[in-house]
Amino acid sequence: MQQEIVPIHKEDLFIILNHPNAKFDYPVHYHPEYEINLVMGCTGTRVVGDSEEAFGPTDLVMVGPSLPHAWKSKDVTNHVITIQFSQELSQYPMLSKRIFAPIRQLLQDAENGLSFEGPEQESIKEQIISLTRMQGFQSVTAFLNILSTMANANRKRLVSGLFESDLGSSTKSRRIAKVCEYIDQNLDKDLSLAEVAALVNMSESAFSHFFKKRTGLSYINYVNNQRIARACTLLSDTTLSASEICYDCGFNNKSNFIRIFRKKKNMTPIEYRKYIGQMLIKY
């Protein structure tokens with residue numbers, strides 16, 4: 001299982017990824033964002049946490065932060081619309097008001113994965129499709145209306161009470177939090193293992209074992225993931241060249257950057273910029 005690198009930026013309220021010809025070739029993965037997935041025109045198998053179910057021809061699911069998930073289908077025609085938004089949404093002062101209580105409950109319930117069926121599914125589906133054609137403040141109200149409709153719809157919990165994921169447990173470690181913050185602030189620098197291990201007063205070998213146990217990733221894999229995530233943001237949000245982005249993200253040469261980027265995203269940086277420009281709508 002791997003952590004997905006998503007193109008959402010800290011200044012985005014939400015993003016929409018519209019895949020009219022999606023390929024279900026991504027393994028079971030997780031990420032810190034909430035995600036709403038609308039899958040149309042195909043059938044297959046859906047994995048969310050410890051749940052594995054058949055789906056189709058329309059599937060509408062919401063998953064919470066760090067909840068493993070994946071869709072598998074052998075159909076040629078697959079249309080997927082994905083909405084992703086930060087878990088920080090639940091902490092917005094506006095959502096503390098009484099009128100938003102159903103949405104707060106929805107976000108809490110989504111931590112176990114939710115499936116929507118029946119007449120509500122069709123209504124939410126049409127709202128999501130309409131959202132892909134909107135811009136500006138109208139899109140914000142439409143997004144909140146989708147959450148409201150979901151909050152008041154009949155929904156099925158996907159993950160059993162026996163399922164426990166410690167993917168988010170790394171945030172509970174002050175040492176891990178300190179390291180991750182340092183990495184994020186210094187991605188353009190060398191970030192040697194010795195330097196970061198010394199930051200938390202550990203030997204290199206002890207730190208490597210500790211970091212892998214708490215995050216599920218090797219130190220170098222985590223750093224590369226963060227660098228590629230930043231590169232994705234720069235490719236989608238700026239006109240910087242691939243060479244400029246390479247060094248801004250801490251890679252020591254362009255060929256190494258392209259090799260790692262291709263390994264993580266299955267395309268080159270330039271191909272990614274073109275691809276994301278065709279399907280990504282940000283708000």
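Visitor: Is Arg46 buried or exposed?

Guide: This is a predicted model, where local features need pLDDT of at least 70, side-chain atom pairs count only at pLDDT 80 or more, and totals for chains, interfaces and linings use all residues. Residues are numbered from 1 along each chain as its sequence is written, and side-chain values use heavy atoms, with hydrogens and water left out. Buried means under 20% relative accessible area, exposed over 50%, and partly exposed in between (1.4 Å probe, protein chains only). Arg46 has a relative accessible area of 2%, so call Arg46 buried.

Visitor: Which side chain meets Arg46 in a salt bridge?

Guide: A salt bridge here puts a side-chain nitrogen of Lys or Arg within 4 Å of a carboxyl oxygen of Asp or Glu. The N to O distance for this one is 2.7 Å. The partner is buried too, at 4% relative accessibility, and the residue in question is Asp59.

Visitor: What are the closest N and O atoms of Asp188 and Lys189 apart?

Guide: Asp188 is partly exposed at 42%, and Lys189 is partly exposed at 43%. They form a salt bridge, and the gap is 3.6 Å.
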